Amino acid sequence: MSFWDSLIYDLFPLIWSGTITGCLYALGALGLVMIFKCSKVVNFSHGNVAGLTAFLVYGLSSGVLMSLSWGAAVLLAMLAAVAIAFLIYSIISPVVFESDLTSTIATLGFGLIAQGITLLVFGADIVALDLPIPRFAMSVLGLLVTGYDLTVLVVAIATIGALFIVIDYTKLGIAFRAISENPFAAEVCGLNLKSVHYFAWITAAILGVIGALLIVPTTFLSVTTVATFMLQAFAAAVIGGFASLPGALIGGILVGVMMNLFTFYVSPEYSSTFLLGAILVALNIFPNGILQKVGGTRV
Amino acid sequence: MSNHATHITPDQSVFTRLSSVATPGVTAGILVAALIVMPFLLGGSWTFTLGLCFANSIGVLAVSLLVRYGGEVSIGHTFFTALGAYSIGVLDARFGISLWASVPLALLLGVTFGILFAWPSRNLHGIYLAVTTLALALAVPEMINNFDILTGGYEGLYVATPFIPGMSMGMQRYYFALVMLVIVCFAVARLRLSRQGMALLLAKTHPAAADAFGTRRVWARISIMGISGGIGALCGAALAFSGSTVSPGGFTFWQAIFLLVGSVVSFYGLSLPRVLLGGAFVTLVPQLLSASGAWIPVFYGLALLGMILLGHYMPRIRKAMSRISEVS
């Protein structure tokens with residue numbers, strides 16, 4: 001009897017909340033995968049730039065920089081994220097076509113700068129940044145579902161749904177897929193690689209902002225929280241195969257659930273080590289992501 | 001004259017290569033001689049800082065080696081430096097065993113773990129290794145703090161057992177790091193000329209040709225990570241002995257990125273002067289900017305980007321310059 005009790009009172013809520021945070025990891029991972037798919041760059045600045053924009057929302061709405069309404073602050077932060085992504089890609093685009101390794105290293109430089117700017121403007125303090133959502137909680141089949149959970153779920157589904165519709169049905173999405181498949185052939189057919197790269201980088205930045213804003217209420221906002229949140233996103237991307245958008249979504253939810261189970265049942269102190277182990281095991285078992293059949297590896 | 005610059009005939013390229021082999025040897029010799037007399041000219045604190053420079057140079061070399069021979073980027077080399085540093089620290093502080101035993105152990109551990117970490121991504125594109133090392137770098141402080149029975153947690157360990165009994169400790173800390181750096185640089189220079197080194201370079205630049213010659217790509221990937229991990233552990237050993245303390249603060253995620261920045265700043269150089277430049281950058285910039293801590297990441301980021309863009313635009317600028325001189 002106690003086994004079933006613990007199953008109902010511990011396991012299901014853990015899986016539920018893991019799925020919720022997993023959606024957010026998936027948002028981060030989708031951005032990483034979009035950038036990687038078309039420009040073959042691993043964007044290590046993703047977390048730090050998203051963290052900077054989350055701080056911008058805080059600064060613009062709390063009176064540190066300005067005291068705007070939350071919506072206006074988010075809008076401005078989004079614009080800033082788009083501008084930053086545009087700037088980053090514009091600076092490294094000549095290098096992108098030369099060497100993906102060098103441009104990956106260059107993104108680390110932008111990550112450092114974003115981190116430094118956050119420290120310079122907002123300091124190393126921990127601040128609270130909440131979402132303007134009604135506080136309510138209801139019990140569904142023994143699960144405690146809060147307004148935050150529903151908000152995250154709705155926003156994540158809407159964002160990811162919109163992303164997949166854009167990629168599947170619009171011209172831009174088709175161009176994106178064509179360039180991911182074969183950049184040379186796509187260029188021969190008259191597609192402009194750079195403009196599609198811009199699309200991927202800017203979309204990724206917006207996804208990063210949304211993910212960061214939604215994750216912050218569960219932790220706090222400090223210089224490092226969003227950057228560590230991105231480790232989960234990286235793990236999700238690796239488990240999903242780093243070149244597959246649906247894989248990133250599933251990887252994100254898997255990472256969210258596994259992390260929750262691990263911190264509850266084993267130890268909260270080894271969460272990064274656990275992620276490291278998960279990445280290593282996933283690379284060994286599904287080298288090309290969970291959605292690919294094993295055997296198609298590039299040897 | 002400009003024709004010489006643009007069309008290098010095979011003979012000339014061999015000649016330039018020969019001359020470039022000869023001069024670095026001489027410069028390195030002069031540099032080493034200068035560094036040997038340094039402690040007699042400088043104060044104690046500068047000697048200490050220079051020792052740390054040498055230690056960090058070894059770490060920069062480990063990262064550059066991975067980029068040069070493996071075409072892979074590691075942002076988790078603090079794992080290997082921590083491994084080396086803590087094998088020195090733990091054996092010294094807990095068991096009183098001196099460097100004669102702990103340095104070989106550090107090397108062995110570094111090589112073993114390098115191979116172990118390269119194994120899961122052996123068949124895949126290099127970015128998987130980069131992401132794995134990202135997780136590695138973030139996991140290191142956690143591991144150190146949780147194994148506090150052995151590692152001393154936040155407080156760290158103090159390395160006090162002399163390498164050569166009877167010699168002044170300050171001098172030992174300096175010369176140990178210098179000797180390690182020279183040995184590692186020499187070994188890397190020999191690797192370039194060895195069969196193994198050639199095979200590794202071939203596997204990186206022309207994978208298909210390497211396959212045809214029987215060099216397995218998986219082997220190349222794993223062995224270069226093993227070598228780099230071993231050198232990383234030696235960097236940790238030198239850091240532990242020259243810095244006299246081992247604590248988690250030296251092995252943060254940022255430290256790992258700084259090693260990579262040092263490697264980029266030295267243009268991934270493997271020669272002694274270049275590596276020293278990278279090591280000095282990693283060691284001195286935080287000390288010079290220590291009053292304004294938040295500027296350190298900005299400065300490092302700008303340096304990283306500046307060097308990458310310089311590396312990208314320099315050949316073009318040079319070409320444009322030679323074209324201008326051709327016209328006039």
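Trainee: What are the ipTM and pTM of the model?

Mentor: The structure is a predicted model. Its pTM is 0.85, and its ipTM is 0.83.

Trainee: In chain A, where is confidence lowest and where is it highest?

Mentor: Chain A has an average pLDDT of 84, with 95% of the residues scoring at least 70. Strand E1 (residues 137-140) of chain A has the lowest confidence, with a mean of 75, and the highest, at 90, belongs to helix H3 (residues 70-96) of chain A.

Trainee: Over which residues of chain B does pLDDT stay under 50?

Mentor: The average pLDDT of chain B is 83, and 93% of the residues score at least 70. Where pLDDT is low, the predicted coordinates should not be read in detail. That caution concerns a stretch for which the model has five contacts beyond four places in sequence, with pLDDT under 50: residues 1-10 of chain B.

Trainee: How many contacts beyond four places in sequence does the model have for residues 294-299 of chain A?

Mentor: Over residues 294-299 of chain A, pLDDT stays under 50.

Trainee: Which element supplies the largest share of the side of chain B that touches chain A?

Mentor: The contact involves 39 residues of chain A and 35 residues of chain B. On the chain B side, at least two residues come from each of H6, helix H12 (253-265) and helix H14 (295-327). By class, that side has 26 nonpolar, eight polar and one charged residue. The largest share, 14 residues, comes from H6(B).

Trainee: Are helix H4 and helix H6 of chain B roughly parallel or roughly antiparallel?

Mentor: The axes of H4 (residues 78-95) and H6 (residues 126-146) of chain B come within 8 Å and cross at roughly 30 degrees. Angles under 35 degrees count as roughly parallel, and those over 145 as roughly antiparallel. The arrangement of H4(B) and H6(B) is therefore roughly parallel.

Trainee: How many nonpolar residues does the contact of H4(B) with H6(B) have?

Mentor: H4(B) contributes Thr78(B), Phe79(B) and Ala82(B), while H6(B) contributes Leu136(B), Ala137(B), Val140(B) and Ile144(B). The contact has no charged residues and one polar residue; the nonpolar residues number six.

Trainee: Is Thr81(B) buried or exposed?

Mentor: Thr81(B) is placed in helix H4 of chain B. Not counting residues up to four places away in sequence, its contacts are Gly59(B), Gly232(B), Cys235(B), Gly236(B), Leu239(B) and Phe251(B). Because Thr81(B) has 32 C-beta neighbours inside 10 Å, it counts as buried.

Trainee: Why do the buried residues of H9(B) line one face of the helix?

Mentor: In H9 (residues 195-205) of chain B, the buried residues are Leu200(B), Leu201(B), Ala203(B) and Lys204(B). They line one face because, seen down the axis of H9(B), they fall within an arc of 160 degrees. Arg195(B) and Thr205(B), on the other side of H9(B), are exposed.

Trainee: Against which helices do the buried residues of H9(B) pack?

Mentor: Among these buried residues are Leu200(B) and Lys204(B). Their packing partners in chain B are helix H3 (44-70), helix H10 (207-212) and helix H11 (217-243).

Trainee: Which residues are exposed on the other side of H6(A)?

Mentor: In helix H6 (residues 171-181) of chain A, Ala175(A), Phe176(A), Ile179(A) and Ser180(A) are buried. They are on the same side of H6(A) because they cover an arc of only 135 degrees around the axis. The exposed residues on the other side are Lys171(A) and Glu181(A).

Trainee: Is Phe242(A) buried or exposed?

Mentor: Phe242(A) is in the loop between helix H9 (225-240) and helix H10 (245-265) of chain A. Its phi is near 60 degrees, a positive value in a residue other than glycine. With 25 other C-beta atoms within 10 Å, Phe242(A) is buried.

Trainee: With which residues is Asn260(A) in contact, leaving aside its neighbours within four places in sequence?

Mentor: Asn260(A) belongs to helix H10 of chain A, and it is buried, with 21 other C-beta atoms within 10 Å. Its C-alpha atom is separated by 9.6 Å from that of Leu11(A), 249 residues apart along the chain. The residues in contact with Asn260(A) are Leu14(A), Ser17(A) and Gly18(A).

Methods. Residues numbered from 1 in each chain as written. Chains lettered and ligands numbered in written order. Predicted model: local features only at pLDDT ≥ 70, side-chain atom pairs only at ≥ 80, totals over all residues. Axes fitted to C-alpha atoms, helices over the stretch in contact; angles between N-to-C directions. Helix = DSSP H or I, 4+ residues; strand = E, 2+ residues; numbered from the N terminus. Parallel < 35°, antiparallel > 145°, perpendicular 65-115°, else oblique. Contact = placed C-beta atoms within 7 Å. Nonpolar A, V, L, I, M, F, W, Y, C, P; charged D, E, K, R; others polar. Buried ≥ 20, exposed ≤ 12 C-beta atoms within 10 Å, placed from the backbone. Arc of directions from axis to C-beta. pLDDT = per-residue confidence, 0-100.
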